[in-house]
Amino acid sequence: GEADILIGTQMIVKGHDFPKVTLVGALAADLSLYAPDYRCGEETFDLLTQAAGRAGRSHIPGNMVIQTYQPDHYSIQTAASQDYESFYSQEMNFRRLLGYPPAVGLLTLTLSDGCEERLEKAVEVLEKMTARFPEHFPGKKLACIGPVNAPVYKVNDIYRKILYIKHENYDILIQIRKMAELRLKEAEGRFGLTIQYDLT
């Protein structure tokens with residue numbers, strides 16, 4: 001009770017209980033909508049509903065003020081009204097339309113290496129492999145995006161590239177992951193290339 005105003009980052013909304021808080025303000029609440037991630041709408045909604053839950057936790061009613069440049073975005077609208085069902089419905093329509101999980105499976109390959117030249121050689125191997133996918137999976141709805149530079153391309157002198165592969169059949173993605181592991185195993189062992197596989 002020594003402070004009347006609490007200022008913090010997103011961490012302040014993560015499960016803390018401040019019983020005397022009656023007003024919560026979220027500044028630039030839509031900034032997370034610009035993240036290069038298909039889940040950014042979900043994360044924005046989640047963050048705002050958690051923030052709203054910090055106010056009025058005791059017998060005193062609480063209020064929340066959301067400052068946004070996109071007041072019409074469904075993540076902001078549904079978070080403001082605490083309408084979980086409406087958010088789910090709109091988010092799932094978005095995921096189905098653009099082919100993102102859980103509507104389809106997504107395999108993310110992240111390649112990283114301290115030597116940019118070695119990384120480019122590994123990317124060439126990947127590109128040759130993805131070019132042959134129509135032979136291995138004829139008639140299948142397979143989409144490859146990349147390889148592209150990671151949103152933050154160089155971290156601690158390590159260069160990173162990402163390849164996204166989407167398919168409705170999760171088993172096909174498992175086959176592709178195994179194929180990639182076999183093709184890149186030699187490069188990974190000999191050169192210190194690191195590959196991370198993420199199935200969603």
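Lys 154 counts as partly exposed, at 43% relative accessibility; here buried means under 20% relative accessible area, exposed means over 50%, and partly exposed lies in between (1.4 Å probe, protein chains only).

Elsewhere, salt bridges with shared partners link Glu 42, Glu 91 and Arg 95 into one network. In total, the structure holds eight salt bridges.

## About the model

This is a predicted model, where local features need pLDDT of at least 70, side-chain atom pairs count only at pLDDT 80 or more, and totals for chains, interfaces and linings use all residues. Residues are numbered from 1 along each chain as its sequence is written, and side-chain values use heavy atoms, leaving out hydrogens and water.

## A pair inside helix H3

Let's look at Arg 95 and Glu 91, whose side chains form a salt bridge of 2.9 Å, N to O. Both belong to helix H3 (residues 84-98) and sit four residues apart, about one turn of the helix; helices (H or I, at least four residues) are DSSP runs, numbered from the N terminus. Arg 95 is buried, at 6% relative accessible area, and Glu 91 is buried too, at 4%.

## Asp 113 and Arg 118

Which residue meets Asp 113 in a salt bridge? The partner is Arg 118, at 2.8 Å, N to O. Asp 113 is buried, with 2% relative accessibility, while Arg 118 is partly exposed, with 31%.

Conventions. A salt bridge is a side-chain nitrogen of Lys or Arg within 4 Å of a carboxyl oxygen of Asp or Glu. Helices (H or I, at least four residues) and strands (E, at least two) are DSSP runs, numbered from the N terminus.
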